[in-house]
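Visitor: Could you take me closely through one part of this model, and then show me what lies around it? I would like the cut-offs spelled out as you go.

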Amino acid sequence: MNIRKHIPDSITSMNLLCGVVGVILTLGGRLDLGFICMILGAVFDFFDGFAARMLKASSGIGKELDSLADMVTFGVLPSVMLFMAGSTNILILKYFPIILAAFSALRLAKFNLDERQHSSFLGLPTPAAAMICGSLACYSYKVPESLLASWCSGPVLLPVLALALSLLLVSEVPMFSMKFGAGKASRIENIKRIIFLAVTLLAIALTVVFRQHWSLIFLSAFFGYIIINLAFVSCHSERSEES
């Protein structure tokens, strides 16, 4: 029995288990632990592809398993976290964030069929959307007296956020991959990565200096990820119009 070929699938399965446990903990009211499970799932998601390439153990089953795991950890879990973070009495708005799970499934299905997405993406990757949702829910849970927490309890922020992220998931906006080794990246992609690293380091520094909860690092960094990609799209459009 060749154990080596099963290592990547085992890592992917750990991602799936993190998502399931995260959903259970979130429904139990522990949004902070649910977010930690999401982060652990993202770590496993990062290393399963890396392990598959290093061990030359890629398979069709692994690709399908990866999508199923991502659907739970980065589709269902963030939707449940937004649902639990909200406290509006307007029923339709309370349940509205669940649409994120449906759009995440559509995003993953499109990714599996789209041959254009190798070293970069078209549309917001599900882990990035999930990190924004998870970090926001975690922060509002841990710092309930904050302005963000009060916005989360209202009828506007969470539904608007869910809708905006859902549309970005299925958009054609070019976005860079954070998985090094997934393919040959262009000069522009590497510039985006460097800017994202700088934004992340700045978020860490500001969070430490102002003694904020660590979940703000993820929230700031991944909002920065979206802004960086949209800014480059805008600049490219302006150059195309000038030429």
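Guide: Let us begin with helix H8, residues 157-169: at 1.5 Å a residue its 13 residues should span 18 Å, and because its end C-alpha atoms are 18 Å apart, the two values agree. Helices here are DSSP runs of H or I with at least four residues, numbered from the N terminus, and the expected span is 1.5 Å times one less than the number of residues. This is a predicted model, in which local features need pLDDT of at least 70 and side-chain atom pairs count only at pLDDT 80 or more, while totals for chains, interfaces and linings use all residues. Residues are numbered from 1 along each chain as its sequence is written, and side-chain values use heavy atoms, with hydrogens and water left out.

Within H8, the buried residues are Leu158, Pro159, Leu161, Ala162, Leu165, Ser166, Leu168 and Leu169; buried means under 20% relative accessible area, exposed over 50%, and partly exposed in between, with a 1.4 Å probe and protein chains only. An α-helix has 3.6 residues a turn, so residues three or four places apart point the same way.

Leu158 and Pro159 also belong to the lining of the second largest cavity, together with Leu82, Phe83, Gly86, Thr88, Leu93, Lys94, Pro97, Cys152 and Gly154. A cavity is a set of points, on a 1 Å grid over the protein atoms alone, where a 1.4 Å probe fits but cannot get out, and lining residues have an atom within 4 Å of a point. This cavity has a volume of about 40 Å³, a volume being the space filled by probe spheres set on grid points that are joined across faces, edges and corners. Helix H3 (60-85), helix H4 (91-95) and H8 each supply at least two residues of the lining. The lining divides into seven nonpolar residues, three polar and one charged, where Ala, Val, Leu, Ile, Met, Phe, Trp, Tyr, Cys and Pro count as nonpolar, Asp, Glu, Lys and Arg as charged, and the others, Gly among them, as polar.

Two of the lining residues, Lys94 and Phe83, also meet in another way, since Lys94 lies over the face of Phe83, at 4.7 Å from the ring centre; the rule asks for NZ of Lys or CZ of Arg within 6 Å of the ring centre and within 35 degrees of the ring normal. Ser150 sits in helix H7, residues 147-152, and is partly exposed, with a relative accessible area of 36%.

Key: 1 Å grid on protein atoms, 1.4 Å probe; cavity = no way out; pocket = protein on both sides within 12 Å on 5 of 7 lines; lining within 4 Å.
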